[in-house]
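Here's a quick rundown on charged side-chain pairs. Have a look at the model first, then read on.

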Amino acid sequence: KMTQQMRDLQLAQARKPPGPSSPNAAKRLYRNLSGKFRVNYTSFDEGSLVGRGEKEKLRKSYLFQSNAALFEAVELQDLDRVQELLKQYSPEELDLNTPNSEGLLPLDIAIMTNNAPIARALLQAGAKESPHFVSLESRSLHLSTLVREAEQRVNELTAQVVNEAPNADCSEKEKQLKAWEWRFRLYKRMKAGFEHARVPDAPTNVHLSVASSSSVLVTFWEPLSVNSAVVTKYKVEWSCSPTFSPPLGEAVIDKLKNLHFTIQGLVSGTAYYVRVSAYNMKGWGPPQASVPPCAIPSNWREYDGRAPRRRGQAGALDHLLGQVKTVHQHCVCHEPCKNQPQSRKHSVSKSLKHLFHPGSKFLKTLKRGLYLTAIFYKDDNILVTHEDQIPVVEIDDSYSCLLMQDFLWFTKVSCMWDEILWLRQCVTVSQSSCSCILQTRFKMLLAISQMQGLLGIQDLGQVFFEPVKDKQGNILIVTLKEVKTNQTFESVRWVPICKLQTSRKSVSSPEEPTALDMLLISIQDKLAYHQRSSHALSPGLYLGYLKLCSAVDQIRVLVPEQLPNILCHVKIRSNPNISREEWEWLQKMAVAEEPIPAEPEADTSQNPLFHELQVAIKELMTLVNIPLQEAKDFRLYSQEVLDFGDQVSFLLLLPPSDDVCTAPGQNNPYTPRSGFLTLPLQIFELGEER
């Protein structure tokens, strides 16, 4: 029966039979046999197709061929071709888990020929083993049948070739004979691979950690053995008993891109034991117990029942702001702001096309004063006026107040671009005092409104962390915003930044450049800062280094240039949770005022966090250029763990009390290497919130 089925399916299925042992010869043979062993595909001119039905048929025929090509690449052990097909097509388009006429899947062929690289590539793409192999006996019987049928077909074709006179039919049968001889060898190799395989060894480095107050995380590596068949799945088991009797649950992991699993829905304060075993085509291997053997779900907040710091704060602030706005809406003592455009939700594409008409009030040159400039960029292009100028509006032509205080106030306003009209009304109420500070801040709000009106967009982006100042007395406050739409705008044009930099005619000398020239010279650095400040950390627990320095009018904080919205840091581990037991240990260390040794000790199996902190401290001291022996005077901030959402948390490493903040004129013997900058503390806080 199987012989007849194979003969019938040879003409109906799309998979090419592989050729001789030589890959090049095999490919030529596949092309020659395409008319005999699979559907004969016609070359279509897609332009001549009429209707969706014909196009769909053409698409399916291409996918049909891609499925056959994948089988061919796996059988020929062509890893590059397999990876190319997996990248070019989705698993559904490749029919990755649809058995062929022999009841085999690409993954079956890869694992039974013990081709580990191809098997891993297929597994990562979501490949499965054939559902026909429900037991070891069924797999063995299936392979024996394939070998027997292939051998029988080889014998039949050999007899026909020997007995027939040389002609065209004989030549064709010789080609079929070569193909079946190659297939016979393939099936024998698969059968031998299955017979010599053994169950996999236990997984290695099975590590258990506490993920939250109701979950634990288990991570593991592949078995060390290279003699057994490829592992295709893993099983995680957990129980409250070290003998796993009774077991509480298990999970099978067949997506092998990341070898970890989070066991959820556990009871806080209860110890759970975990073990992991591996599976291949010969069955499940022995389980490997985790290290440590058990874990108790918990969180550091359970140590003293502390609630999250920011719980309810956002709602309370929104409620407070609503109350303030309600009071001002009923206030009759202020004059409505004139010439303020109605609040409209413009799309970027609609709003920017009205940019810079002849009657606009954008400035071409700067006088002595305070100005606002907005930089909109997309890839390596920047939005400019018809005069190839970056948009600039005047804030104050006779500015003489405290710049840093006003600048920091402006950065806070940048969190409320949509509320500028309301803020102007609020400031107008108090203008009778004629305060210099209030006058300047009202002018700032007027400039923002003007910029928003001329651009037709409310969100001006993020404020750069320091103004641009020149020796002529000009000061530029810079906002940056990335435009991520691909639409072409009317009445404006995108100009390559490099072209703008080279084409602008400077009106200043190289020794004393104007603020606009300084902005253009450094614009790439500012755009890089803007992009980096929006990057997020990968999930995990980090060790941060808090270092401040004070000036007359501000306090600045040390941050890395690559992530200026985060303190200087190194990653401790991928699990962000600090368990109750770990936090209790840290509290005991803080009370006893015992420093954490910077050099890792030999025996740290009882407290993995101890070893992880030692490694992290050494790495962090090297990063910020502080001698390792100085770490003995540093201390961990033991009041709380800084949680940034559910995926990122920080422990803080503090210098000695007298060195946390360097005063003006104070000598700092340890200067960080390049790659760091200092931000005003308020700017850093705003960036952290974003």
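Arg-275 is partly exposed, at a relative accessible area of 23%. Its partner is Glu-237, and the two form a salt bridge. Keep in mind that this is a predicted model. Over the whole structure, a search turns up 15 salt bridges, and a few of them are sketched below.

**A strand-to-strand pair**
- In the Arg-275 and Glu-237 bridge, the closest N and O atoms sit 3.0 Å apart.
- Arg-275 belongs to strand S6 (residues 272-280) and Glu-237 to strand S3 (residues 233-239), so this pair ties together parts that are 38 residues apart in sequence.
- Glu-237 has 11% relative accessibility, and it counts as buried because the cut-off for that is under 20%.

- Helix H10 (residues 168-196) holds both Glu-195 and Lys-191, which are 4 residues apart, or about one turn of the helix.
- Glu-195 comes out as partly exposed, with a relative accessible area of 43%.
- Lys-191 is partly exposed too, with a value of 21%.

**A buried pair and its network**
- Arg-573 and Glu-582 meet side chain to side chain in a salt bridge, 3.0 Å from N to O.
- Both Arg-573 and Glu-582 are buried.
- Through salt bridges with shared partners, Arg-573, Glu-582 and Glu-612 are joined into one network.

Note on methods
Residues numbered from 1 in each chain as written. Predicted model: local features only at pLDDT ≥ 70, side-chain atom pairs only at ≥ 80, totals over all residues. Heavy atoms only, no water. Salt bridge = Lys/Arg side-chain N within 4 Å of Asp/Glu carboxyl O. Helix = DSSP H or I, 4+ residues; strand = E, 2+ residues; numbered from the N terminus. Buried < 20%, exposed > 50% of the residue type's maximum accessible area, 1.4 Å probe, protein only.
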